[in-house]
Amino acid sequence: MLDVAEYYLARLPEYLVLLFPLVLLLALLYAMTTHARYKESTAMRAEGLSLWRFCLPSFGVGLSLTLLAFGLNVR
């Protein structure tokens, strides 16, 4: 059993590199849908928040996961 766990732990970076784009896309779609459903995006725009500032956290998470995937992919 320990050998099987060690095998999957060694293969985990390969699977994470494949899953990061899909997981990030689904999480972003869920977050934006939730913002739209509860009119949070409209409230932020009405308050004077720019579209760039509204999207900045999503870009930050995307950039950090891209760098992490790049680091896992380089051998």
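Q: How many helices and strands are there in the protein, and in what order do its elements run?
A: The model, which is predicted, contains three helices and zero strands. Starting at the N terminus, the elements follow the order α-α-α.

Q: Why is the protein described as more spread out than a compact globule?
A: For 75 residues the globule rule gives 11 Å, whereas the radius of gyration is 18 Å, well over that figure, so the protein is more spread out than a compact globule. The C-alpha trace spans about 55 × 25 × 15 Å along its principal axes.

Q: What share of the residues counts as buried, and what supplies the exposed area?
A: Of the 75 residues, 5% count as buried, a term that requires a relative accessible area under 20%. The protein exposes about 6,400 Å², and carbon and sulfur atoms supply 72% of that area.

Q: How do you know that helix 1 falls short of the reach of a straight helix?
A: At 1.5 Å a residue, a straight helix would reach 52 Å, but the end C-alpha atoms of helix 1, which has 36 residues, are only 46 Å apart. Helix 1 also has a kink of about 45° at L12, shortly before the proline P13.

Q: What is the reach of helix 3 against its expected value, and where does helix 3 bend?
A: Helix 3 covers residues 51–73, and its 23 residues reach 32 Å from the first C-alpha to the last, close to the expected 33 Å. A bend of about 35° lies at P57 in helix 3.

Q: Which residues of helix 3 are buried, and what do they pack against?
A: F54, G62 and A69 are the buried residues in question. The buried residues of helix 3 pack against helix 1 (2–37) and helix 2 (40–46).

Q: How far apart are L16 and A69 in sequence and in space?
A: In sequence L16 and A69 are 53 residues apart, and in space their C-alpha atoms are 7.5 Å apart. L16 lies in helix 1.

Q: Why is L16 called partly exposed?
A: The relative accessible area of L16 is 29%.

Q: What makes the phi of K39 worth noting?
A: K39 has a positive phi of about 60° although it is not a glycine. Most residues other than glycine have a negative phi. K39 is found in the loop between helix 1 and helix 2.

Q: Why does K39 count as exposed?
A: Exposed means over 50% relative accessible area, and K39 has 54%, so K39 counts as exposed.

Q: What makes the pair E14 and R11 a salt bridge?
A: The closest N and O atoms of E14 and R11 are 3.3 Å apart. The cut-off is 4 Å, so the pair meets the definition of a salt bridge. By this rule the count comes to one salt bridge.

Q: How are E14 and R11 placed in helix 1, and how accessible are they?
A: E14 and R11 are three residues apart in helix 1, which separates them by about one helical turn. An α-helix has 3.6 residues a turn, so residues three or four places apart point the same way. E14 is partly exposed at 35% relative accessibility, and R11 is partly exposed at 27%.

Notes: Residues are numbered from 1 along each chain as its sequence is written. This is a predicted model: local features need pLDDT of at least 70, side-chain atom pairs count only at pLDDT 80 or more; totals for chains, interfaces and linings use all residues. Side-chain values use heavy atoms; hydrogens and water are left out. Helices (H or I, at least four residues) and strands (E, at least two) are DSSP runs, numbered from the N terminus. The expected span of a helix is 1.5 Å times one less than its number of residues. The bend at a residue is the angle between axes fitted to the seven residues ending there and the seven starting there. Buried means under 20% relative accessible area, exposed over 50%, partly exposed in between (1.4 Å probe, protein chains only). Contact means heavy atoms within 4.5 Å. The radius of gyration is taken over C-alpha atoms; the globule rule is 2.2 Å times the number of residues to the power 0.38. Accessible areas come from the Shrake-Rupley method with a 1.4 Å probe; for residues, only the protein chains shown count as cover. A salt bridge is a side-chain nitrogen of Lys or Arg within 4 Å of a carboxyl oxygen of Asp or Glu.
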